[in-house]
Amino acid sequence: VSVLIDKGQATSIEAKAAFEDLNDPENRLRGVLYFHQAIQAYWSGYTERCHHYIEKHMSVVGQVVRLSTFQMEFYHGLNSIDKYRGKNTFKCREIAGNCISTMREAAANSDWNFTNKLCLLEAERQSLSYNHRQAIASYDASITSARKSGFIHEQGLACEKAGFYHKRNGAVCKAAEYFKQARECYEEWGSSMKVDFIQGELNNVQILVNSELARER
């Protein structure tokens, strides 16, 4: 997936050649294409584009429950929180709640695959309600679960989200700690794009940390 994000730059023409006619309702490869486009958009930080492809994927897949269905719900929840945070709290919580219910069902059947995802969605939902203790506990639980499952990219994502949570709340030293963990995970994952992104956040946070230290002297 890290290669998909860093190097996957297929044009719409190439995509159509690979997946045939995307307007053909009988073309079952459409769901596969939309699934990967949604994931690539999410990791690249394109919230609106991710939302667009998630909706397309869901319209193609329908009510058929597959592994990709649960994975898409995970990204749908996270992306919706990013999309509506500070704009439409009700919408944010409604979508997050639905995705958490789906993820809880998935985790009950496969703890190894989905518990870290459930915990991260829970953390993000708690952050919307400013439930600090619950949010931090859920971020840390997601990090631990992802590490145990060997999902280094999702471990990095949980660290990244925890870093942004602390940054929003002014705890810049804690934010720096989590961003450093995220950077290490993304380095191991092999995504130079995410490493560069997190390094940028670290640089910004370090300025704030230095300002705090200067005031304390």
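Guide: A nonpolar core is a set of buried Ala, Val, Leu, Ile, Met, Phe, Trp, Tyr and Cys residues joined through side-chain atoms within 4.5 Å. In this predicted model, the largest nonpolar core has 55 residues, and the members that touch the most others are W43, F74, Y139, L157 and Y186. The helix that gives the most to this core is α10, residues 172–189, with 9 residues. In soluble globular proteins, nonpolar side chains tend to be buried together.

Consider F74 in detail. Leaving aside residues up to four places away in sequence, F74 touches M103, K117, L120, L121, E154 and L157. One of these partners, L157, is itself among the core members that touch the most others.

Let us now follow helix α10 to a neighbour. Its axis and that of helix α11, residues 192–216, come within 9 Å and cross at roughly 160°. An angle over 145 degrees counts as roughly antiparallel, and therefore α10 is described as roughly antiparallel to α11. The crossing of α10 past α11 is left-handed. On the α10 side, the residues that meet α11 include V172, F179, R183, Y186 and W189, while those they meet in α11 include V195, I198, L202, V205 and E212. The residues of this contact of α10 with α11 comprise 14 nonpolar, 1 polar and 6 charged.

Note on methods
Residues are numbered from 1 along each chain as its sequence is written. This is a predicted model: local features need pLDDT of at least 70, side-chain atom pairs count only at pLDDT 80 or more; totals for chains, interfaces and linings use all residues. Side-chain values use heavy atoms; hydrogens and water are left out. Buried means under 20% relative accessible area, exposed over 50%, partly exposed in between (1.4 Å probe, protein chains only). Helices (H or I, at least four residues) and strands (E, at least two) are DSSP runs, numbered from the N terminus. Contact means heavy atoms within 4.5 Å. Axes are lines fitted to C-alpha atoms, for helices over the stretch in contact, and angles run from 0 to 180 degrees between N-to-C directions. Angles under 35 degrees count as roughly parallel, over 145 as roughly antiparallel, 65 to 115 as roughly perpendicular and the rest as oblique. A crossing is left-handed if the near helix is turned anticlockwise from the far one by less than a right angle, and right-handed if clockwise. Ala, Val, Leu, Ile, Met, Phe, Trp, Tyr, Cys and Pro count as nonpolar, Asp, Glu, Lys and Arg as charged, and the others, Gly among them, as polar.
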